[in-house]
Amino acid sequence: MTVAAPPPGRKTSRAARAAEPSPGALAAALLGWYDRHRRVLPWRAPPGVKADPYAVWLSEIMLQQTTVKAVVPYFQKFTAAFPTVRDLAEAELDSVLRLWAGLGYYARARNLHACAKVLVDRYGGVFPRSVEELRALPGIGAYTANAVASIAFDLPVVPIDGNVERVLTRVHAVEEMLPAAKPRVTALAEALEPSDRPGDFAQALMDLGATICTPKAPACVLCPWAEPCLARRRGDPETFPVKAPKREGLLRRGAAFVAVRADGAVLVRTRVAEGLLGGMTEVPTGAWSGDHDEATSLDHAPDLGVARRQWRRVPGVVTHVFTHFPLELLVFVADVADRIAAPGGMRWIARKDLAGEAFPSLMRKVIAHAGIDLRPGEAPSGDAPAHAQKPDPTKTNRRRR
DNA sequence: AAGTCGTGGCT
DNA sequence: TAGCCAAGACT
């Protein structure tokens, strides 16, 4: 199946074109590479062993727009806490969100839980074995349906993710812009699908994209598809895939309020179930807007019946970048008495329970900026209030100049 | 169908 | 450093 490398500075000759490997040969080369270089991942079954649909599904949901490195510890936590789909279905949503906290895209956790319930209620806890039924489940789109179908059930379908798009647009030098080129990429993938080992083929394509055909500085010399790859022949593999430039979001600002009781408890509330950080825990904040007025920040403080001057501004600002907008939060801290009641819709969280709360990363930054260490087993010792600790300069963004 | 939806690691 | 972007889904 090996094709002679074209001479340097070549034009694609008729002979070279005629010698292009067949789809079957390409698939065989990729599977051979996979057998030698497949990654060992916690959710991946050893060679020759059937994959566990639950592990495949859980990992695929976690891996949506998320790196393997970030997912691994979460996958471990989830499988330990919820060994089966039924365990997950029977859990409270809040306990799922607490375990998911920090991984981002929290709709995935809500849909994960909803999906587990449907699987138990309607499928007896057994994953359906068709793409159509999988696709109809909460949180499972075209990609994940194909991923589960191929990896867990060896159905002959190809999940098209960012890796596969990159590999195929490079091999074929697809100049059409994504996502417009998506149908073409799908066709290219389907043309390569081998009659056997669909699950390995899918994973091989993704491993190739993740370890060899990387966005920057692809390791073409190690690639099983180096010779037929048109992008490599052209010498500019990094230019593929062609994507439309995305415009940046506008900066939003706001104020966050960390009320700390004498016993160390912190005032929090739960965000609405849908939308940004839906269902997650937060300290009270004012609105996040492009025209936040610092002078009136305290107007948005929770009503604890304390004087305005009890709120002291922590120097610096917490910055956070969401996918579609950057955010700057001023942080105010107030020490209040133990007897102060939580305003409606809010509650006090004991110091020892802070680490386990469903705080998204943004809120962990805010709380850390306020001088509170969320790490479990790090209760403040002695007289100094927890928030009197010096803010960690590595996690705090002081205003420059 | 284009906008919404997180986060951290990498270059 | 400042952008880029990772095994996308949903509306």
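In what follows, Ala, Val, Leu, Ile, Met, Phe, Trp, Tyr, Cys and Pro count as nonpolar, Asp, Glu, Lys and Arg as charged, and the others, Gly among them, as polar. By that scheme, the lining of the second largest pocket has 10 nonpolar, eight polar and one charged residues. This is a predicted model, in which local features need pLDDT of at least 70 and side-chain atom pairs count only at pLDDT 80 or more, while totals for chains, interfaces and linings use all residues. Residues are numbered from 1 along each chain as its sequence is written, and side-chain values use heavy atoms, with hydrogens and water left out.

**The second largest pocket**

- On a 1 Å grid over the protein atoms alone, a pocket is an open set of points with protein on both sides within 12 Å along at least five of seven lines, whereas a cavity is a set where a 1.4 Å probe fits but cannot get out; lining residues have an atom within 4 Å of a point.
- The second largest pocket has a volume of about 390 Å³, a volume being the space filled by probe spheres set on grid points that are joined across faces, edges and corners.
- It is lined by 19 residues, of which Gly104, Tyr105, Tyr106, Leu277 and Phe322 are the closest to its centre.
- At least two lining residues each come from α7 (107-123), β4 (312-321) and α14 (361-369), where helices (H or I, at least four residues) and strands (E, at least two) are DSSP runs numbered from the N terminus.
- Because domain 1 (22-239) and domain 2 (252-388) both give residues to the lining, the second largest pocket lies between them; the domain bounds come from an automatic or database domain assignment.

**Cavities**

- A search of the whole structure finds two cavities of 30 Å³ or more, and the largest cavity has a volume of about 110 Å³.
- Among the 14 residues lining the largest cavity, Arg170, Cys213, Cys220, Cys223 and Cys229 are the closest to its centre.
- Helix α10 (residues 162-171) gives the largest share of this lining, three residues, and the lining as a whole divides into 12 nonpolar, no polar and two charged residues.

**Helix packing around α12**

- Helix α2 (residues 23-37) packs against helix α12 (residues 198-211) at an angle of about 70 degrees, with their axes 9 Å apart; axes are lines fitted to C-alpha atoms, for helices over the stretch in contact, and angles run from 0 to 180 degrees between N-to-C directions.
- α2 and α12 are therefore roughly perpendicular to each other, given that angles under 35 degrees count as roughly parallel, over 145 as roughly antiparallel, 65 to 115 as roughly perpendicular and the rest as oblique.
- The α2 side of this contact (heavy atoms within 4.5 Å) includes Trp33 and Tyr34, and the α12 side includes Phe201 and Leu208.
- Helix α9 (residues 142-153) and α12 pack at about 125 degrees, with their axes 7 Å apart, which makes α9 oblique to α12.
- Tyr143, Ser150 and Ile151 of α9 meet Pro198, Gly199, Ala202, Gln203 and Met206 of α12, a contact with five nonpolar, three polar and no charged residues.

**Backbone geometry**

- Most residues other than glycine have a negative phi, and most peptide bonds are trans.
- The peptide bond from Leu178 to Pro179 is cis, with omega near 5 degrees, and Pro179 sits in the loop between α10 and α11 (182-192).
- The bond from Phe240 to Pro241 is also cis, with omega near 0 degrees, and Pro241 belongs to the loop between α13 (230-234) and β1 (252-261).
- Gln65, in the loop between α3 (53-62) and α4 (68-81), has a positive phi near 55 degrees.

Methods
Chains are lettered from A and ligands numbered from 1 in the order in which they are written.
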